[in-house]
Amino acid sequence: MRSLSYPVDAFMSYIHLETDGYDEVHRKRLMVTTSMLAVAAICIVLIGGGYVLFASLWILGVNLGLLGYLAVTKTAGDTVFEAYIWMMCIPTMCLDLKSAARGVNRDWPLFIVYLDLLLMCKVGRGATYRILGLLTVWMILTQGELAHRYGLFDVWFVSKNDLTMRCNCSDPPCVGEIGLVWGSLVPVLFVVFLDFYITKGFANRWEEEKRKMAASIEATECIATALASFDLAMAAASLDSN
């Protein structure tokens, strides 16, 4: 990770503005680091022969576009970050649909990463709830397809001769046992909402600690200024007000 800090620091030195506050700098660094990691990972996948070309190219384009936007505008507002997360949700759903149809490990846990990023960056509450709602609906739809086979997996064609297909029925993907499929959804959603609750609490406590630290620094500055000018009344007032 140390080697990654050099290109990130170089890019940050270009897009950093003197007027940027702590939150703005934090959001910019997070977006740059995430995008550079995504670009590097997808390039490796494409060079190695990625099996989902559309999703890979989409992720590559989104992250290169974000880096270009930051380079031109040097801003990283809440709207930009939320739009970035929404654009990353589209290939994630495509990859998850492919994995679910093939019967291999799913990709939906990436949604939890997106939620945690939104919470830690203090993007508007509506954004986090919208992503959480999308994940919940997506889980219900895919579990419904596993239990009832209404055709969602057919949207993404999977060869019946695919060696990774873990089904023994004549028309894969196979219908799962209804009780088992829907029953497994409950603990999954419980973990998702528990993670959301814990991360939200941590983000709120972190924000509170930042406010306390900022207030302490401001009070110390006022007191030091008052003492330097031998104004004891002003120093006492600064202590009382903070």
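Q: What does aspartate 9 meet in a salt bridge?
A: The side chain of arginine 29, at 2.7 Å from N to O. Keep in mind this is a predicted model.

Q: Are aspartate 9 and arginine 29 buried or partly exposed?
A: Aspartate 9 is partly exposed, at 35% relative accessible area. Arginine 29 is partly exposed too, at 34%.

Q: How many salt bridges does the structure hold?
A: Five. One of them joins lysine 28 and aspartate 20, at 2.8 Å from N to O. Lysine 28 is buried at 0% relative accessibility, and aspartate 20 is buried at 16%.

Q: And what about glutamate 82, which residue does it bridge to?
A: Arginine 130, with the closest N and O atoms 2.6 Å apart. Glutamate 82 lies in helix H4 (residues 78-102) and arginine 130 in helix H6, so this pair ties together parts 48 residues apart in sequence.

Q: Switching to rings: how many aromatic pairs turn up?
A: Three in the whole structure. Among them are tyrosine 129 and phenylalanine 196, with ring centres 5.5 Å apart.

Q: Where's phenylalanine 196, then?
A: In helix H7, 67 residues from tyrosine 129 in helix H6 (residues 125-148). Phenylalanine 196 is buried, at 7% relative accessibility.

Terms used: Residues numbered from 1 in each chain as written. Predicted model: local features only at pLDDT ≥ 70, side-chain atom pairs only at ≥ 80, totals over all residues. Heavy atoms only, no water. Phe/Tyr/Trp six-rings, centres within 6.5 Å; stacked < 30°, edge-to-face > 60°. Helix = DSSP H or I, 4+ residues; strand = E, 2+ residues; numbered from the N terminus. Buried < 20%, exposed > 50% of the residue type's maximum accessible area, 1.4 Å probe, protein only. Salt bridge = Lys/Arg side-chain N within 4 Å of Asp/Glu carboxyl O.
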